[in-house]
Amino acid sequence: MPDMKSVLVTGAARGLGLEFCRRYLADGWRVHAACRTPEKATTLMALAAGSPGELHLHRLDVTSARDGAALAGALGESSLDLLINNAGIIGPARPGGEIPDEAAWSEAFRVNCQAPYRLTRLLADALGRAENGLVVFLSSTMGSIGNLAATNAVPYRTSKVALNMAARSLSIEFRDRFGVLIVHPGYVRTDMGGPGATIEAEESVAGLRRLIDGFEPARHGGFFDYQGKALPW
Ligand SMILES: NC(=O)c1ccc[n+]([C@@H]2O[C@H](COP(=O)([O-])OP(=O)(O)OC[C@H]3O[C@@H](n4cnc5c(N)ncnc54)[C@H](OP(=O)(O)O)[C@@H]3O)[C@@H](O)[C@H]2O)c1
């Protein structure tokens, strides 16, 4: 079906990534769901059965340049309407005052910042082929220097600050080829957010969908929460 819109979601097998896939499948999109172990993505496969959308599962550890290149190759010459850089890790989340484990800090940078930057570049041609290609980066208010209210989880916070800069740079470099949104999904009840979080994934993704569907050039390269409110860097 050539008229089908297409989206690629990283970290697609659980949490916010799974909810993004669920909604786009229900809306009849071609969903490229990228996850580390596609053979175990049983919830995703069950969602796809009977939905009007089309599910394409891809193996992607976002830290693997080889996986990223293989994924870009699998898309071939097709266009990509939407890339959702969703995969992320919290890393060591202890209060400030301790020196975080260095390897774990580096891993937070690799997953949360370097990987989405690389994948976006690898998929830039596919996004540029779409009429209104758009890239969404899942950032966090924990990466907002202007909003800083706590000092825990320094690896995560610093990796999301760096992500904001990487995403903003891409928005300038590729401004003529695709749109960019940097978003905070709210405090969401997923494995990462935990049971004490304030909203469900459904509410978060519904809000983010409004932001995505109503994307306007004035928002290009900006940082917004799931309700559309502009956030300080
Ligand atoms: N939940 C919140 O309150 C909240 C708030 C602000 C921002 N965010 C951001 O929103 C995004 C999604 O968060 P979430 O709450 O859905 O988290 P989650 O429930 O912990 O899910 C994280 C997802 O990232 C994937 N992932 C982690 N490392 C990966 C790697 N190396 N390669 C490929 N996939 C990898 C996981 O895949 P596996 O299943 O293979 O582990 C999983 O699908 C993250 O970027 C997070 O920082 C969340």
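A: Happy to! A polar contact is a pair of N or O atoms within 3.5 Å; within protein, one must be able to donate a hydrogen and the other to accept it, and residues adjacent in sequence count only if both atoms are side-chain atoms. This is a predicted model, where local features need pLDDT of at least 70, side-chain atom pairs count only at pLDDT 80 or more, and totals for chains, interfaces and linings use all residues. Residues are numbered from 1 along each chain as its sequence is written, and side-chain values use heavy atoms, with hydrogens and water left out.

Let's start with the contacts. A backbone N or O atom of Gly-186 is 3.5 Å from an oxygen atom of the ligand. At Gly-11, a polar backbone atom lies 3.0 Å from a ligand oxygen, while an N or O atom in the side chain of Asp-61 is 3.0 Å from a ligand nitrogen. On its own the ligand has 900 Å² of accessible area, and the protein covers 92% of that (Shrake-Rupley method, 1.4 Å probe; for residues, only the protein chains shown count as cover).

Around the ligand are 27 residues, and Arg-14, Arg-36, Tyr-156, Val-188 and Thr-190 come nearest (near: a heavy atom within 4 Å). This shell has twelve nonpolar, ten polar and five charged residues; Ala, Val, Leu, Ile, Met, Phe, Trp, Tyr, Cys and Pro count as nonpolar, Asp, Glu, Lys and Arg as charged, and the others, Gly among them, as polar.

Now for the space itself. The ligand takes up the largest pocket, as more than half of its atoms lie within 2 Å of the grid points. On a 1 Å grid over the protein atoms alone, a pocket is an open set with protein on both sides within 12 Å along at least five of seven lines, a cavity is a set of points where a 1.4 Å probe fits but cannot get out, and lining residues have an atom within 4 Å of a point.

The largest pocket has a volume of about 1100 Å³ (points joined across faces, edges and corners; the space filled by probe spheres set on them). Its lining counts 40 residues, with Asn-86, Ala-87, Gly-88, Ile-89 and Met-192 nearest the centre. By class, 19 of the lining residues are nonpolar, 14 polar and seven charged.

The second largest pocket, at about 360 Å³, is lined by 18 residues; Asn-132, Gly-133, Leu-134, Ile-212 and Phe-215 lie nearest its centre.

Finally, the structure holds one cavity of 30 Å³ or more. The largest cavity has a volume of about 80 Å³, and of its 15 lining residues, Leu-60, Val-62, Ala-115, Pro-116 and Leu-119 are closest to the centre. Eight residues of this lining are nonpolar, five polar and two charged.
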